[in-house]
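Q: Hi, I'm new to this one. Could you walk me through it?

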Amino acid sequence: MIPEYLMPFIKAFLYILLAPVVGGLIAGIDRRVTARMQGRVGPPLLQPFYDLAKLFEKENLVVTASQNFFVLSYLVFMAVAGALFFSGGDMLLVIFAFTLSHIFLVLGAYASYSPYSHVGAERELLQIISYEPMIILTAVGMYMVTRSFFVSTIVTSNIPIILYLPGVFIGYLIVLTIKLRKSPFDLSTSHHAHQELVKGVTTDFGGPNLGKIEIAHWYEYVFLLGVVWLFFAWNPLIAIVAIIIAYFIEILIDNTFARVKWQLMLRSAWIIAGTLGLVNLGVLYYLRMVVP
Amino acid sequence: MLVGRKDSERKAIVQISAVAIGIVSLLVLIFGYDKGTLIFSVNPEPVSQIMFFIELVLAGYILYLGIRHRKLLTVFLILFQACLLLYFELGFSRNLHIGNNLFLDQFSLIMALIAGIIGSLICVYAVGYMETYHDHHKEIRDRRSLFFGILFIFISAMFGLVFSNNLLWVFFFWEITTICSFLLIGYSQSEEATNNSFLALSMNLLGGVAFMAALIYLAIVDPTGQLLGLNYLLSSGKAVALVPAVLICFAGITKAALMPFSSWLVGAMVAPTPVSALLHSSTMVKAGVYIIIRFAPVLSGTTEGLIIALVGGTTFALASFIAISQNNAKKVLAYSTIANLGLIVACAGVGTYNLMWVAILLLIFHAIAKSLMFLCVGTVEHRIGSRNIEDMGGLIVRMPKIAIMMFIGMAGMFLAPFGMVISKWAAIEAFIMAPVGLIFIAILAFGGSATVFFWSKWMGKIISVMRDQPVIEDTIKKEKWAVLYILTGLVVIVCLIFPLISSILIEPFVLNIYGQTTRLSQANLSIMLMMLCLLMIMPLSLLFYRKGTKYAPPYMAGRPVEGHMRFAGSMGVSRELELSNYYMTSLFGEERLFMVGTSLCWALLLFAGILLVGVIL
């Protein structure tokens, strides 16, 4: 029997080990489903892994040496954020680590001082400030329902959180579109390369560095979907169905909307956080605090 | 200080006094940290008489300056304040018997450490800075003796302010800081500097009038003068203390440059950079938030306190937004200061025990990181001849050490395991338990993300690598380096040891007032520490990448790249490329948001005023 105090470490370790595999599979499924929606057959399920292997075989070509450092930090802190989350850590700390890791990606893009990655970096920052308020409100909402910021407590609370936080959940799904780099909010870089800002924030990364960014994205997928899980944590079956549906909706939105301008992204993300999120929390707050 | 005429003499005097002040602050810490609140009684009569006399002389001096520069508002305010002072002195002072004039507790220790260590570091830096400053600006009259004299008076006034228990004494030191900052802002004597210094003076005098009103109110309520002792007033209950608390907090708001009074601090950037550093980090504005935090227990749970907190919250959000649209480095720093002070006041206004803890923590972290940032920007400005952020591109190549220090300073302001984020995090956790805390959480969520934006894009600018640029930081003087190194070290060290600071200074203080205290949980602390260590190890990876890396030019839409930031255009022309950050003035423009903030905060303050009149009547 494994002692209790080791459990968080084991969970974190499992996340670091398995999340890229799961994330890669999700990416593979994503590409298949997207292809079907567009009337194509699509690549094999394991294509993302083949791509990754190929990236790591290439030589490490950079514009400046500090890019290596920034990309590595991006990957490491993304893994740390996710590991904290899955080992049951404090949601707010997870969010801050998560932001930190993205800042590293942005700085890596700035470091090369080239036009495309510069625009990509600025837009990535815009994306960060678009989604951050909603993510913090999500954590606050979870606290208001379960009285704890700790993921371990939230998961085991046996409260159907979604029933208390429907507005927050919808808000979260919308910022999830930004986070998963799905159209209409794929401003900083996109899965489709033929466009005006080339590959945006990742333009000047190649070979193993690009591979690391890819792995970090996979970590991120698993973490983000883990947050969806929290809303349904009282019933794992429903949670899995919810994650599948949520992801399917994201793919559908990706394939039906054109990219918007940054103004619209920032406004809509903030307005949604300000209305759906805050109103939801406000009602909850009123019920909890004012009505005894 | 006033006597040191020669540069070398002055340098020696400044360094020795700075070291002395630093050592004294540390000694006070060592002897005082475990003593709780100590109260001293000093025979007040002669001291108070001297203070009164100095105040009148200063009022006369300002009156003279105001008339000479035709600043009617200032003249009016100083006359009004002098009348109040005379009225108070003649009407009440004879009956007043305030037993204890000085006190010392953990909070005043923290403030003294900030003023003593950071303030004196800034003074040491200023010696080198002012030399270069006068080399660059031949047209400005060299009044350095006066300058350094005022710097030290300023720091001493801060000491006086935080150790005074007698509110009359607090007021005296309060006015001294106002006048010192007025003289320092107007140092260059240019028209802009003079105007801005009078702006700062008028706004702070307005606060001074409110402070004076509070004193008179207290003297009327209690002619024996017991209530003029800060410790007595704070423990006398909300019914008595609320009116003076709100009036004094109004004075605090003007001094801390919250909206609607933020313009004086923004205008103060015309002063030489060490002055800005001093105003923003360890003295002036910190005096404002100091007094508000002192009164936090009185404010907690009252409508007036909530309004003051809302003024702070509004300032935090709007100043953060405005900072996005600024490209002047000092202006960005100014708005970031205003935002952080707003946050501190928001915490103090709501005033629960855990928010008081957060407010003090914020104050410490902000002081260190902000002074470092200002001094770095000042150094950069002298080297590259510009304080525009757009001109700081590639600083990591041109001034690698300064760039890394700025990087650390900025990280201290908004990145995860560093100070400000710890405080932000604690603030969210504390607001969630406070009444109507949800508003403040929303403000934190939106304002906080704006902070991330303007810092990161600045960071991105300085670390972007431009090739073929010469290194231009080798002419910076040794003592400047020393100060910058110490401050950079402090940013990191204070992050590492903040649990210690919290447990020996902040927690006992909060416990003493509220009977309960707070801290970050042990598990989270160790995770933070692990993150901080990880962050410090990460740069070592650069060594690993030294070999086996191939360099390529950045992608320029497939055109051949010719040297740095040039690409081959059509017809054989070589074209240059320039990159600039987003400023989003349509959304976050200064003018519009400033209008919004000013009107909102005035409305809030008026509302508080009406409530206050209601209470008095």
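A: Happy to. One term to begin with: buried means under 20% relative accessible area, exposed means over 50%, and partly exposed is in between, using a 1.4 Å probe and protein chains only. This is a predicted model, where local features need pLDDT of at least 70, side-chain atom pairs count only at pLDDT 80 or more, and totals for chains, interfaces and linings use all residues. Residues are numbered from 1 along each chain as its sequence is written, chains are lettered from A and ligands numbered from 1 in the order in which they are written, and side-chain values use heavy atoms, with hydrogens and water left out.

Q: Okay, is B:Q81 buried or exposed?

A: B:Q81 counts as buried, because its relative accessibility is 6%.

Q: Where is the place of B:Q81?

A: B:Q81 belongs to helix α3 of chain B, residues 72-91. Helices here are DSSP runs of H or I with at least four residues, strands are E runs of at least two, and both are numbered from the N terminus. Other buried residues of α3(B) include B:L77, B:I78, B:L84 and B:F88.

Q: What is B:Q81 in contact with?

A: Leaving aside neighbours within four places in sequence, B:Q81 is in contact with B:F171, B:E175, B:L205, B:G208 and B:V209. Contact means heavy atoms within 4.5 Å. The side chains of B:Q81 and B:E175 are also joined by a polar contact of 2.6 Å. That term is for a pair of N or O atoms within 3.5 Å; within protein, one must be able to donate a hydrogen and the other to accept it, and residues adjacent in sequence count only if both atoms are side-chain atoms.

Q: Which residues touch the most other members of the largest nonpolar core?

A: They are A:F231, B:L167, B:W264, B:M406, B:F431 and B:W458, in a core of 350 residues. Helix α16 of chain B (residues 353-384) gives the largest share of this core, 22 residues. A nonpolar core is a set of buried Ala, Val, Leu, Ile, Met, Phe, Trp, Tyr and Cys residues joined through side-chain atoms within 4.5 Å.

Q: And what does B:W458 contact?

A: Setting aside neighbours within four places in sequence, its contacts include B:A329, B:M373, B:M406 and B:N581.

Q: New topic: how many salt bridges are there over all chains?

A: A search of the whole structure finds 11. A salt bridge is a side-chain nitrogen of Lys or Arg within 4 Å of a carboxyl oxygen of Asp or Glu. One of them joins the side chains of A:D51 and A:R31, at 3.0 Å from N to O. A:D51 is in helix α2 (residues 47-57) of chain A and A:R31 in helix α1 (residues 7-37) of chain A, so the pair ties together parts that are 20 residues apart in sequence.

Q: Are A:E220 and A:K179 buried or exposed?

A: Both are buried. A:E220 and A:K179 form a salt bridge too, with the closest N and O atoms 2.8 Å apart.

Q: Last one: which residues does the cis peptide bond join?

A: A cis peptide bond joins B:M259 and B:P260, with omega about 5 degrees. B:P260 lies in the loop between α9 (238-255) and α10 (263-267) of chain B. B:A257 is in the loop between α9 and α10 of chain B as well, and has a positive phi near 55 degrees although B:A257 is a residue other than glycine. B:A257 counts as buried, at 0% relative accessibility.
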